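Below is a short briefing on one protein model, grouped by topic.

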Amino acid sequence: MLRNVNIKKSSKGIIHIILAAFCFSLMALFLKMAGDLPTMEKAFFRNLIACMVSFTVLMRSEEKLHIKKQSIFGIIMRSLFGTIGLVCNFYAIDRLGLADSNMLNKMSPFFAMIMSIFIMKEVPDRFEWMTVLLAFLGVIFVVKPGEGIASIPALIGLFGGFSAGTAYAFLRSVTSKGERGPVVVLCFSFFSIMVCLPFFIAGYEPMTWKQLVFMLLSGLSATGGQLNITAAYTYAPAKEISVYDYSQVLFAAIWGLIIFGEIPDVLSAVGYVIIIGAGVLKWHYTLHVKNES
């Protein structure tokens, strides 16, 4: 019975993290289609929609905006590191290009597993480390990082990956204590808005109606990503599901092909196979090996 429950929770975690990757890939697509806008302006709109949606969900719930006392520190840390990760990632995208910045951001599953050791005492085994390393190897094949990877913007992007991974570890800590997902999303979004607001006002650039539409779509996609990533870490620890976060690279490649006519080369195709293979190996290990031991 316990084994079946663990498998069911892990499966739900996998589904939600893949849905989150899908939503975040849409977010990046719409951000790119919005054109050249200030980083803080993009970050502000990205979180404004999430804040509005999560607030509406909470106001319709029975508990309303009630935060568990034992969750306060974890929510603050999740909001702080999440905001840092978001701003660093957007900064890197604006200065490095999508490929290099995406690779640096995909370091977050590594950091999530590492930080979960200290925050949640969830220690991955050798096979779990191997699958994440394998998936990251696939990402390198896909994005083929250039010389710009050894630059200040790249270091900021890497720090963004560390911050995002740390935020996910705190997210797991908070949700494991029974805190509701919309509460965490609202707190994170509101915190980010307050951080971005002064920069948004100081550097605001008027948007065309098309840019506004794309920014709103980006915000809605980000909201879906936040709600799903929160749900994912509610059901399963980072060591079990973080490898599936790399599916975002596959979704991004699909949008590149459909929207921008970008045809994957041989190295990219190899990378896709490696990423999918890592996910299948991890799924098989969790379902048929780890839960039977």
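Of the 293 residues of the protein, 55% count as buried, meaning under 20% relative accessible area with a 1.4 Å probe and protein chains only. This is a predicted model, in which local features need pLDDT of at least 70, side-chain atom pairs count only at pLDDT 80 or more, and totals for chains, interfaces and linings use all residues. Residues are numbered from 1 along each chain as its sequence is written, and side-chain values use heavy atoms, with hydrogens and water left out.

Overall fold
- The protein has 12 helices and 0 strands, taken as DSSP runs (H or I, at least four residues; E, at least two) numbered from the N terminus.
- The C-alpha trace spans about 60 × 55 × 30 Å along its principal axes.
- Among contacts (heavy atoms within 4.5 Å) between residues at least 6 apart in sequence, 90% join residues at least 24 apart.

Helix 2 and helix 8
- The axes of helix 2 (residues 39–59) and helix 8 (residues 181–202) come within 8 Å and cross at roughly 145°; axes are lines fitted to C-alpha atoms over the stretch in contact, and angles run from 0 to 180 degrees between N-to-C directions.
- By class, this contact of helix 2 with helix 8 has 21 nonpolar, 4 polar and 2 charged residues; Ala, Val, Leu, Ile, Met, Phe, Trp, Tyr, Cys and Pro count as nonpolar, Asp, Glu, Lys and Arg as charged, and the others as polar.

Cysteines
- The whole structure has 0 disulfides, a disulfide being a pair of cysteine sulfur atoms within 2.5 Å.
- The closest cysteine sulfur to that of Cys-51 is in Cys-187, 9.2 Å away and too far for a bond.
- Cys-51 counts as buried, at 13% relative accessibility.

Note on methods
Buried means under 20% relative accessible area, exposed over 50%, partly exposed in between (1.4 Å probe, protein chains only).
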